[in-house]
Amino acid sequence: MYICGLDKLKMRFEIFTFISYNILASSSLVPCKLHDPDNGECMKTLWQNILISGINDVPGLKWISLDPYKVKRVKVTANTSVLNVTMEFKKLVLTGLIQSKIEKVSVTNGEIFTMDMKIPKVNIKGNYIMKGNVLVLNLDGKGPFNIDLGDIELRFVVKSKRVSRDSEEFFEVQSVKTNVKHLGSLHVKFNNLFGDNETLTDSANDVFNQNWHDLLGLMRPVIEEAMDASLLDQGKKYLNKLPGRIIFSDL
C-alpha cells in the first residue's frame with residue numbers, strides 16, 4: 001500500500017500524540033487545574049511525585065536521583081564581626097533527601113511556585129577547604145568532612161516563564177529563592193582543620209557543634225544563596241524539559 005508524504009506526516013503526528021498522552025495517562029502524575037482555587041492538595045501530590053518520587057516515563061526527561069544527590073562544588077564566603085571565612089566544598093554526596101515531604105504548594109500569576117518542604121534528616125559528605133576566622137578560631141584546613149542535619153523545614157520560591165516549543169507549553173525556570181525556615185539539629189566533623197593536630201581539630205569541631213545555632217544564624221544568608229545557585233542549575237536541566245500539560249490540564 002502506498003502512503004503519500006502528507007499522510008505519512010499526519011500518521012507520525014497522530015502516533016506521537018497517542019504515545020505522548022498515553023504515557024501521561026499511565027504514569028503516576030495527575031495534572032492539576034491552574035484555575036482551580038482549591039488545587040492545593042493536587043499540587044502537593046503532583047510535586048511530591050515530580051521532585052521526590054521521580055518520573056521516568058516522560059520522553060526526553062531524565063530524572064535526577066535524590067539518593068544519593070551529588071553536587072560537584074559549592075563555594076561559601078561570609079564576612080561579619082565574628083565570622084570571616086571562605087569555604088569551598090567539593091564532591092558533595094547528600095543522602096536522605098528521598099524522605100522529603102512536600103507540605104504545601106501554591107502558584108501565583110500562573111508562573112511563580114511556592115513550595116514548603118520537610119526533611120527528617122540529611123547526611124552530607126565530601127571534601128572541603130576552609131580559611132578564615134570562625135568565632136574565636138583561626139582556621140586554615142582542608143580534607144574530608146561529614147555533616148548531619150535533622151528536622152529541616154525549607155521554603156522554595158521558583159519563578160518560571162511560560163514558553164512554547166514544538167507545540168507544547170513549558171515552564172522555564174528563571175530563579176529559585178530558598179528559605180531555611182527551621183533546623184532542629186546539626187552535627188559536623190571536619191578533618192584536618194589544623195593540619196595533623198587532631199586535638200585542636202576535635203576542639204574546633206566541639207566549638208562548632210556547641211554553637212551551631214549561632215553559626216546557622218550567621219551563615220543562613222550565604223547557605224541559602226549557595227542552595228539557590230545549585231537548585232537553579234538543576235531546575236533548568238530537569239523542569240525546563242517537563243511539558244506544562246503534565247502540571248496543569250487547563251493551560
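Reader: What makes strand 1 and strand 2 a pair, and in which sense do they run?

Author: In this predicted model, strand 1 (residues 69-79) and strand 2 (residues 83-95) are antiparallel and share 10 bridges. Pairing requires at least two bridges, so with 10 bridges the two strands count as paired. Within this pairing, Ala-78 lies opposite Val-85 of strand 2. The two strands form a hairpin, with 3 residues between them.

Reader: How do you know that strand 2 pairs with strand 4?

Author: Strand 2 and strand 4 (residues 112-134) are joined by 11 bridges and run antiparallel. Because at least two bridges are needed, these strands also count as a pair. Among the bridge partners are Thr-86 and, in strand 4, Lys-131.

Reader: Why is Thr-178 called buried?

Author: Thr-178 has a relative accessibility of 1%. Buried means under 20%, so Thr-178 is classed as buried. Thr-178 belongs to strand 6 (residues 168-190).

Reader: What makes the link between the side chains of Thr-178 and Asp-228 a polar contact?

Author: The two side chains are 2.7 Å apart in this contact. The limit for such a pair of N or O atoms is within 3.5 Å, and the value of 2.7 Å meets that limit. Leaving aside neighbours within four places in sequence, Thr-178 is also in contact with residues including Arg-155, Phe-156 and Leu-231.

Reader: Which residues touch the most other members of the largest nonpolar core?

Author: Of its 63 residues, they are Trp-47, Ile-50, Phe-113, Phe-190, Phe-208 and Ile-247. Beyond four places in sequence, the contacts of Phe-190 include Phe-89, Tyr-128 and Phe-208.

Key: Residues numbered from 1 in each chain as written. Predicted model: local features only at pLDDT ≥ 70, side-chain atom pairs only at ≥ 80, totals over all residues. Heavy atoms only, no water. Helix = DSSP H or I, 4+ residues; strand = E, 2+ residues; numbered from the N terminus. Buried < 20%, exposed > 50% of the residue type's maximum accessible area, 1.4 Å probe, protein only. Polar contact = N/O pair within 3.5 Å; in protein donor to acceptor, adjacent residues only side chain to side chain. Contact = heavy atoms within 4.5 Å. Core = buried A, V, L, I, M, F, W, Y, C linked by side-chain atoms within 4.5 Å.
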